[in-house]
Amino acid sequence: MSGHHFDMNAYIEPIRTRTVPGSVRGAALAAVGVGVLGFGYGMVASPVWAWGALLVAIVWTLGMAQGGVMFSVVSTLTWARWSRPLKRIGEVYAFTFPLVWLALLVFLVAGNSIYPWHEGTVIEGGAVPLAPHADGAWATKETWLSLPFFITRQLLGIGFMMGLSFLYVRSSLRPDLIAAKQRLGNDAPAWWSSFIGGAASVDAEADRSMKTQATLGVLLAVTYAMVMSFMAFDLVMSLSPWFYTNMFGGWIFASSFWIACASIGIIALLGRDWLGLRALVKPNVMHDLGKICLAFCMFWAYTTFAQVLPIWYANMPEETDFLLVRMTLPQWSWLARTVAVMCFLTPFTVLLSRGIKKMKWPFVALLSLILTGIFLERTLLVMPSIWWEDTFPWHLFLGVSVPVWLGAIGAFTFVVTTILAKVPVVPITDEKLQPHPWDVHVHALDGHGHASEGAHH
Amino acid sequence: MEAVRPNVGYGTANRDIISVLHRAPVAYLVAIACALVLMSFGGYAWYQQLTWGMGKAGTNNATFWGTYIVTFVFWIGIGHAGTLISAILFLVRSRWRTGVYRASEAMTVFAVMTAGLFPVLHLGRAWQVYYFFPYPNQRELWVNFKSPLMWDVFAISTYFTVSVVFFYIGMLPDMAVVRDHSRGLLRKFYDVLCFGWRGTDRQWRHFMAAYGFFAALAAPLVLSVHSVVSWDFAMANTAGWHSTIFPPYFVAGAIFSGCAMVITLLMPMTMLFGWKEYVNTWHFENLAKMCLLTSGILTYAYGMEHFIAWYSQNPHEQEIFMWRIFGDYDWAFLLMVFCNCVAPLVWYFPKARTHWPTLFIVSLIINVGMWMERFNIVVSSTAHSFDPAMWRYYWPSGTEWGVLAGSVGWFCFWFLLFARVMPSIAISEVKEMVAPPVKGSLGAK
């Protein structure tokens, strides 16, 4: 440990009395209500759009929730110190998994008719024949896109990723909860005991936790890449059964990580006082988070361009169709342009500024713009594949898509804030929460003739 | 392992790092001689090709791009790790870059110089190389700006320019140290090279601003150059080449091979020049971790390419990817997978990635694997294209092997020469890491 003095109890004591502010809880529940109403309206007005809107919300929320855990995983595997104060926020996202998985289950069982390759599809024009167009090709889609296999692999794959994530989060929480329980006694929430089990020693558990996190982190990184890729190929790309781009999976999981970073920033900034994070989440931490967001903004643009350019250049019908619909048809092209502005032009331009990353409200606004931009991007990927009208249905977008998305945000906020209120909000037993020993500057003479140390941030 | 701080004083750091500039170990002279021998092989092979024409190369009507393009992409890839380590790791404040970034930057510059030879070598009429560049002319003939090969010219020349400037700026304070330890004409020589650096506050302020600026400028170029190189292939409708994942996959591969090459080059140099205090297991372990990460990305990309080819129901895509595994070049595919996906896995074990012989051997395997990867991409898709009547087996000719050997010699020659002329470890940054010379410490001795 360095000479930096860290008061662990400052992050334990508030747990006794901390509750989610009524306004936040009320707004979150109201948003859930709006989402349910929106989905209900959609089922009456256009079931195809309603299921599409639910799919968009699932893909967006799943990506953000899993991305939050991956934020913690990346911090662990890279030994990063700057991100440690934000690590726990990302980990708490894992508590939303049961809801997300249930929503996915409902969608896959009841909403699968929006897939055009499905015999019982409700998409205009009927089911798309999956037999190969060319002689000599293997008929692979009939196998890959058979409904039972499709549903089973998605539920199992995503369920496995969530389960592994939960084990990882549990191992990260354990030593902190043990330390907190020793201080809080009976004031500790009862559900902690299922995490703590029979463990007793904080130091031993902290050591074990770091090793477990490192092992599970590597497994999770591989699982995240694979499961999220196949989620993207299956749930989104297969809505246009003849379209394929092998970048699609990586593109989706990278942007999922991006929105997780953005949402962690929003929670850390808006909840800084409520969670008592002011001492650790200083402007330089937000500056670093802003740089990560800028890097992922550029990566999003890069991977988007990496798909658009070869497809445009090669001009092959099975590929260009997907782009032409979204980029040239008037009912969708405005959305494509909006996505470009919200996901690249604006964040890229604004995040070049150092100052904006350290200003609370402008930075929150920009991070919210990124979250909204990716919601619109997912909408642009899903809806043109299932909605063939030649006008954009504003009433469905505003009456169904936006409310369902808000409902997902509401449910997510409700769960995350409820858990955050009752756990140590930073990894208090993690030694990398402290500054690097090399950053603790030794001053030969401190004015009194004594050697002294000072934490340098 | 945890970070290791050099246990030396400021003066010792100066002397240790500069000492190689004043004396050449015998092993160094042997290495230079080997590089010259390889270069002469390459020179002779090229002379043969210039004299007898492109028929001396093993390329044929189907496989019109052989090992020249394979090796070109290989060296461009090697040229990525330097800028990654110096610029990107600088921006993310990674400490372990300090010991290795100067040599990595040098590797970048010389690797790009080596890669730059290949478009010329591939021309046949090498004297008409200026046709590559858009220059005003009476016939109003212009290069084809829509060709990815033309994008290469701009991307690589931009990358080379920025890398050289970034490399040079970073060396200014260290060249001043060399000047201060030199006498006579040599002192004047280094004084000119370091622009009369005196280490004033004003100079440091400008230096830090320029360094940060060039780091930020160079970072996106790491992505752009190899992306553009990947588009040489991905823009074509050729089966096995037209792939949207190519840009990030090529960039990851470039970083993978570049980091492995840094291990390959720096480990013998460290032992030869006695730099263990400055370049040690901590640095090599981190390079190995970078290789592990990028190996994972490559494995993912290989898998996705094959899966999407299978999923696509495009008969040509399905055919070429199966042919790569089971066709005439199955050995190339298997070698690629072994070297790039399987062998690096040994580094998951901390003992293996902190054991120098294992580090060195696996880094060599990766170098071979990354050359094989490019061979696998370039050769298989052209040798087994759409028309079965055009299917041909390609095997590099003696001339092509000679040129490949010559490129290795050319690269090693410049790199070794650099090690004797400039400090290969960043002296000023090493001093930021060592404990301050307060009373009682090593630095006060």
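Chain B and chain A bury about 4000 Å² between them, 65% of it on carbon and sulfur atoms; buried area is the accessible area (1.4 Å probe) lost by two parts on being put together, summed over both. This is a predicted model, in which local features need pLDDT of at least 70 and side-chain atom pairs count only at pLDDT 80 or more, while totals for chains, interfaces and linings use all residues. Residues are numbered from 1 along each chain as its sequence is written, chains are lettered from A in the order in which they are written, and side-chain values use heavy atoms, with hydrogens and water left out.

**Interface**
- In chain B, 42 residues are in contact with 53 residues of chain A (heavy atoms within 4.5 Å).
- One salt bridge is counted between the chains (a side-chain nitrogen of Lys or Arg within 4 Å of a carboxyl oxygen of Asp or Glu).
- The side chains of B:Arg93 and A:Asp288 form a salt bridge at 2.9 Å, N to O.

**Helix pair in chain A**
- The axes (lines fitted to C-alpha atoms over the stretch in contact, with angles from 0 to 180 degrees between N-to-C directions) of α11 (residues 317–328) and α12 (residues 330–351) of chain A come within 5 Å and cross at roughly 85°; helices are DSSP runs (H or I, at least four residues) numbered from the N terminus.
- α11(A) and α12(A) are therefore roughly perpendicular (65 to 115 degrees).
- A:Val325, A:Arg326, A:Met327 and A:Thr328 of α11(A) meet A:Pro330, A:Trp332, A:Ser333 and A:Ala336 of α12(A).

Methods:
Helix = DSSP H or I, 4+ residues; strand = E, 2+ residues; numbered from the N terminus. Parallel < 35°, antiparallel > 145°, perpendicular 65-115°, else oblique.
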